[in-house]
Amino acid sequence: MDTIATIKNILKEKIGAKIVEIEDRSDLHKHHQGRMNAPAGSGHYDAIVVSESFVGKTTMQQHRMVYAALSEQMHTTIHALSLKTYTTEQWLQQGSNLSGS
């Protein structure tokens, strides 16, 4: 299973994410010093995560939930992760639908 599929599966399982959209941005960072010292095979990702478990939580708490769910990957296959997190209601209010990834 590839890294993106693994991340999606973990977030759906551990925090009940309804939508997980991930973009691999590793190529944009390949010459950065921090990237050159990162574990082999690790990457930079942008992620949108929609979950009902975010209801009543601050953005920081939501991000901590995602990082906790991906703790193992943060030490191996993920070098950097940029997050946008939403509750289902927030996601729908911005005009998006729930048929995402």
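Tyr86 counts as buried at 18% relative accessibility, where buried denotes under 20% relative accessible area, exposed over 50% and partly exposed in between (1.4 Å probe, protein chains only). This is a predicted model, in which local features need pLDDT of at least 70 and side-chain atom pairs count only at pLDDT 80 or more, while totals for chains, interfaces and linings use all residues. Residues are numbered from 1 along each chain as its sequence is written, and side-chain values use heavy atoms, with hydrogens and water left out.

Trp91 is likewise buried, with a relative accessible area of 5%. One aromatic pair is present in the structure. The ring centres of Tyr86 and Trp91 lie 5.3 Å apart and their planes meet at 55 degrees, so the pair is tilted (rings of Phe, Tyr and Trp, the last by its six-membered ring, pair if their centres lie within 6.5 Å; planes under 30 degrees apart count as stacked, over 60 as edge-to-face and the rest as tilted).

Thr88 belongs to helix α5 (residues 88-93); helices (H or I, at least four residues) and strands (E, at least two) are DSSP runs numbered from the N terminus. Thr88 is buried at 8% relative accessibility. Its side chain forms a polar contact of 2.6 Å with the side chain of Glu52 (a pair of N or O atoms within 3.5 Å; within protein, one must be able to donate a hydrogen and the other to accept it, and residues adjacent in sequence count only if both atoms are side-chain atoms).

The mean pLDDT of the protein, the predictor's confidence in each residue from 0 to 100, is 86.
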